[in-house]
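The following paragraphs lead the reader through one protein chain, from its overall architecture to the links between its side chains. Please keep the sequence and the structure in view while reading.

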Amino acid sequence: MRATFALTLLLGCLSGILAQQANIDSSVSKELVTDCLKENGVTPQDLADLQSGKVKAEDAKDNVKCSSQCILVKSGFMDSTGKLLTDKVKSYYANSNFKDVIEKDLDRCSAVKGANACDTAFKILSCFQAAN
């Protein structure tokens, strides 16, 4: 359950599962993900390598990290400077079964900082995923 937020925002977004897990209109989420992947030049192989573990999270390419940031920004969960908008995340999950877990993980992960906005987005999502 703890990984749901991270999976929803990162792996879910990147693999097109966002619509199933977050109950978002699939055409909107697929378009958002496709746009972010295209904007950042992420290939299917980049995603496959990360998801399979061939590439460790700490070794992820900058374009993958920036795709994560793009998705978070376009989803309304992060601003362009890399600040996680915790109130928006809490509001989004307010009526879900994960509310308490999300709030706990936000407390733990929202202060994570990276070298830049892309790195910060990726590290925050990795923090959520590590909670599982």
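Does Cys36 count as buried or exposed? Cys36 counts as buried, because its relative accessibility is 0%. This value, like those that follow, is computed from a predicted model.

The secondary structure of the protein chain comes to 8 helices and 0 strands. Read from the N terminus on, the order of elements is therefore simply α-α-α-α-α-α-α-α. Of the 132 residues in the protein chain, 43% are buried. The accessible surface of the protein chain comes to about 6,900 Å², and carbon and sulfur atoms account for 49% of that surface. Contacts also show how the chain is folded back on itself in sequence terms: among contacts between residues at least 6 apart in sequence, 54% join residues at least 24 apart.

The disulfides come next. A disulfide is a covalent bond between the sulfur atoms of two cysteines. How many disulfides does a search of the whole structure find? The search finds 3 disulfides. When the bonded cysteines of the protein chain are numbered in sequence order, their pairing reads 1-3, 2-5, 4-6.

Cys36, with which this account began, is joined by a disulfide to Cys70, with an S to S distance of 2.0 Å. This pair links distant parts of the chain, for Cys36 lies in helix 3 (residues 26-40) and Cys70 in helix 5, 34 residues apart. The angle about the S-S bond is -75 degrees, and the link of Cys36 and Cys70 is left-handed.

With 105 degrees about the S-S bond, the link of Cys66 and Cys118 is right-handed. Cys66 and Cys118 are both buried.

The remaining disulfide is that of Cys109 and Cys127, with sulfur atoms 2.0 Å apart. Cys109 lies in helix 7 (residues 99-109) and Cys127 in helix 8, so this pair ties together parts that are 18 residues apart in sequence. The link of Cys109 and Cys127 is left-handed, with -75 degrees about the S-S bond. Both of these cysteines, Cys109 and Cys127, are buried.

Charged side chains supply a further set of links. The count comes to 5 salt bridges, of which some are described here. One of them brings together the side chains of Asp46 and Lys61, with an N to O distance of 2.9 Å. The two residues lie in distant parts of the chain, 15 residues apart: Asp46 is in helix 4 (residues 44-52), while Lys61 is in the loop between helix 4 and helix 5 (62-75). Asp46 is classed as buried because its relative accessible area is 8%.

Another salt bridge connects Asp119 with Lys65, the closest N and O atoms being 3.0 Å apart. This pair also links distant parts of the chain, since Asp119 is in helix 8 (residues 117-130) and Lys65 is in helix 5, 54 residues apart. Asp119 and Lys65 are both buried.

The accessibility of the two partners can be stated in turn. Asp119 counts as buried because its relative accessible area is 10%, whereas Lys123 counts as partly exposed because its relative accessibility is 36%. Taken together, Lys65, Asp119 and Lys123 are linked in a network of salt bridges.

Terms used: Residues are numbered from 1 along each chain as its sequence is written. This is a predicted model: local features need pLDDT of at least 70, side-chain atom pairs count only at pLDDT 80 or more; totals for chains, interfaces and linings use all residues. Side-chain values use heavy atoms; hydrogens and water are left out. A salt bridge is a side-chain nitrogen of Lys or Arg within 4 Å of a carboxyl oxygen of Asp or Glu. Helices (H or I, at least four residues) and strands (E, at least two) are DSSP runs, numbered from the N terminus. Buried means under 20% relative accessible area, exposed over 50%, partly exposed in between (1.4 Å probe, protein chains only). Contact means heavy atoms within 4.5 Å. Accessible areas come from the Shrake-Rupley method with a 1.4 Å probe; for residues, only the protein chains shown count as cover. A disulfide is a pair of cysteine sulfur atoms within 2.5 Å.
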